[in-house]
Amino acid sequence: MASPTIESILHEKRLFTPPESFVQHAAIKHIDQYQALADRAARDPAQFWAELAAQELHWFKPWDTVLNWQPPFAKWFEGGKINISYNCLDRHLTTARRNKAALIWEGEPGDSRTLTYAQLHREVCQVANVLKQFGIKKGDRVGIYMPMVPEAAIAMLACARIGAPHTVIFGGFSAEALKDRLLDAEAKLVITADGGFRKDKTIPLKAAVDDALANDGVPSVENVLVVQRTKADVTMVPNRDHWWHELQATASPHCPAEEMDAEDLLFILYTSGTTGKPKGVVHTTGGYNLYTHMTFKWAFDIKETDVYWCTADVGWITGHSYIVYGPLSNGATSLMYEGVPRPSNPGCFWDVIEKYGVNIFYTAPTAIRAFIKMGDELPKARDLSSLRLLGTVGEPINPEAWMWYHRVVGGERCPIIDTWWQTETGGFMLTPLPGAIPTKPGSATVPFPGILADVVDLDGNPVAANEGGYLVIKHPWPSMMRTVYGNDERYRRTYWEHIPPKDGQYLYFAGDGARKDEDGYFWVMGRVDDVISVSGHRLGTMEIESALVSHPAVAEAAVVGRKDEIKGEDIFAFVTLEGQYTPSDTLKDELKQHVVKEIGIIARPGEIRFADALPKTRSGKIIRRFLRNLASGEAVAGDASTMEDQSVLDMLREG
Ligand code: WTA
């Protein structure tokens, strides 16, 4: 449950009421209004969601059953026919939104593009037709491995349009990681780019796809569609690889949206867990559409003229739900930025806000902490007065970072929504509604209406105010994950068996520790399992260990998170070597590089420490608690008497 913020959070008492100027125009203006909504939803969640589904979305055919709950398997809006690409595009075309900017895109080298709803619709239809030409049809999985360019969103919407589930793989993953995911999803086609721009360099995406597919590495993949972005020299394999722009140019811009069952698979998104390989989180069409739509609408209090910017990558759930689907379903203007702050351009985020007059800005605590380090001058040198609402996601935000965000970026006039949620939940679970809920720095505040969240002990009993426990959700919600792709058992085990049902109610186990304060506000403390968060990127320690032991020099590896001022956590690896190898700095570098090759740059260990042995219990279990203490240079806490060999600890301490 390591987090850099626990101490400060425990003593945090500040309360910020929504500024009057904001409340005036907010859709939900008062905590009583929130409470009335939440109470009504709690009395009959199915009815609550059904009303909103009818009011907010277009259905080709209404559903027969709102909720079919066979714990732990939920089905929402069964029998209903819907298409999320239709809801994100077509339905806006007959309104004044037709020529409104749907996507504003700023490339890293400074190029830019704006696509209106009409233009985006046209391109999505063209690409959907290209996919059809390759025989892609409803149910076929398509891998997307792209930089942050509009084509990434177009590819997702084109898949959704014809009912082909997409699986987006973050461009920072290596060829190996890409291959694992394409294999698991049995993807039939891959959409990629020649490369992408990242921190003044280019990343060779197409080359990674070539590596993943080499020697028939992923037999299911028949075709690769390549977007030209960096103009890198790439090898186009005849009959397999095709240029996007060539095929798009001749494709018809007419492609009716496929009528999907509400429960048809929309996408698979791989995420890290405690054990084994990353799991494919399955999301379906209708419930996900509704929930991302409603959370975007109410939590961002979206207005017709807003320019909204989420700095995530489309390779993560945040990009899926709150760059593409949530905003476009609402007819909002969603800004995409290819770059990240870098030494050559540390003020780039503030430039983008100034250039486009961004009104709503949504980013991660790790970015905020990096900005603090760079000093107030950068944001202060730009005109940020267009901002009216700020958001954060991905990890607990420490109150100091929250205050800085509030003061320096928000000019003390913008509410901050701290949104707690997960790949598995599809959308926000805990978040203030900015016009209604007073905020406390470091707290994700209260559940979204319709979400029954609590903090319980391992038996499922609610814990007392301010006591630590496990964060659970007590009633199914529309965008909950449906299963782990191809593995119902793993789904059941991971999320529903840690805590037994309580009074007949099944409890979704989120994997986070939390407490509720005397006002019922939630304070999320961080993961209670072997998942670590490095710059907000979620990684399983076991994945990194597996990567390390796949190197011939490594006998055994144990990975823990170490507190990091900026990244939240950093990766610390303890490694024992095979007899014939000797520790050296060169070997350390080699092992770090090896992890980059196996997983990707986001998993590169910050530090590797060689050891003769790892601390273990008499039954042979690695005692991670000790390793966490050692990694952060703390005294080893707790009873070491169960340890097999006491001298191991002394040795590790000495490094
Ligand atoms: C963490 C990202 C505290 C948490 C949307 C969760 C947070 C994991 C917050 C999911 C927050 C996300 N406060 N912790 N506001 N938001 N987390 O699947 O540990 O990449 O379980 O989804 O991030 O990460 P994931």
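Guide: Start at Pro-72, which sits in the loop between E1 and E2. The model is a predicted one. The peptide bond that leads from Pro-71 to Pro-72 is cis. Its omega is near 0 degrees.

Now step into strand E2, where Phe-77 lies. Phe-77 is not a glycine, yet its phi is positive, at about 60 degrees. Is Phe-77 buried or exposed? Its relative accessibility is 0%, so Phe-77 counts as buried.

E1 spans 65–70, and E2 spans 73–78. Both strands have a helix against them: the buried residues of H17 pack on E1 and on E2. Those residues also pack against strand E15 (279–284) and strand E23 (508–516). Helix H17 itself covers residues 488–496. Which of its residues are buried? They are Arg-490, Tyr-491, Thr-494, Tyr-495 and Trp-496. Look at how these positions are spaced. An α-helix has 3.6 residues a turn, so residues three or four places apart point the same way.

Next, follow the chain to helix H8, residues 175–185, where Arg-181 has its place. Arg-181 is at 6% relative accessibility, and buried means under 20%, so Arg-181 counts as buried. Its side chain reaches back to the backbone oxygen of Ala-177, at 3.1 Å. Setting aside residues up to four places away in sequence, Arg-181 touches Ile-169, Phe-173, Tyr-270, Pro-278 and Glu-543. Compare Phe-267, which is 86 residues from Arg-181 along the chain. The C-alpha atoms of these two are separated by 13 Å.

Two aspartates come next. Asp-216 lies in the loop between helix H9 (205–213) and strand E11 (223–227). Its phi is near 55 degrees, a positive value in a residue other than glycine. With a relative accessible area of 56%, Asp-216 is exposed. Asp-264 also has its place in a loop, between strand E13 (260–261) and strand E14 (265–271). Asp-264, however, is buried, with a relative accessible area of 18%. What does Asp-264 contact, leaving aside neighbours within four places in sequence? Its contacts are Lys-138, Thr-284 and Thr-285.

On to helix H12. Of its 13 residues, 13 are buried, so H12 is largely enclosed by the rest of the structure. Just after this helix comes Gly-331, with a positive phi of about 70 degrees.

Now turn to the ligand. There are 16 residues around the ligand, and Asp-418, Thr-419, Thr-423, Asp-512 and Arg-538 come nearest. By class, this shell holds six nonpolar, five polar and five charged residues. Look at the oxygen atoms of the ligand. One is 2.5 Å from an N or O atom in the side chain of Thr-423. A polar side-chain atom of Gln-422 lies 2.9 Å from a ligand oxygen. For Arg-527, a polar side-chain atom is 2.8 Å from an oxygen atom of the ligand. How much of the ligand does the protein cover? On its own, the ligand has 530 Å² of accessible area, and the protein covers 93% of that. The elements that give two or more residues to the shell are helix H12 (317–329), strand E20 (416–419) and strand E24 (522–527).

Finally, step back to the whole chain. The chain has 21 helices and 29 strands. Its radius of gyration is 24 Å, close to the 26 Å that the globule rule gives for 655 residues, so the chain is as compact as a globular protein of that length. Along the principal axes, the C-alpha atoms fill a box of roughly 75 × 65 × 55 Å. Buried residues make up 62% of the 655 residues. Take the contacts in the chain with a separation of 6 or more: residues 24 or more positions apart account for 71% of them. The accessible surface of the chain comes to about 24100 Å². Carbon and sulfur atoms hold 50% of that surface.

Conventions
Residues are numbered from 1 along each chain as its sequence is written. This is a predicted model: local features need pLDDT of at least 70, side-chain atom pairs count only at pLDDT 80 or more; totals for chains, interfaces and linings use all residues. Side-chain values use heavy atoms; hydrogens and water are left out. A residue is near a molecule or strand if one of its heavy atoms lies within 4 Å of it. A polar contact is a pair of N or O atoms within 3.5 Å; within protein, one must be able to donate a hydrogen and the other to accept it, and residues adjacent in sequence count only if both atoms are side-chain atoms. Accessible areas come from the Shrake-Rupley method with a 1.4 Å probe; for residues, only the protein chains shown count as cover. Helices (H or I, at least four residues) and strands (E, at least two) are DSSP runs, numbered from the N terminus. Ala, Val, Leu, Ile, Met, Phe, Trp, Tyr, Cys and Pro count as nonpolar, Asp, Glu, Lys and Arg as charged, and the others, Gly among them, as polar. The radius of gyration is taken over C-alpha atoms; the globule rule is 2.2 Å times the number of residues to the power 0.38. Buried means under 20% relative accessible area, exposed over 50%, partly exposed in between (1.4 Å probe, protein chains only). Contact means heavy atoms within 4.5 Å.
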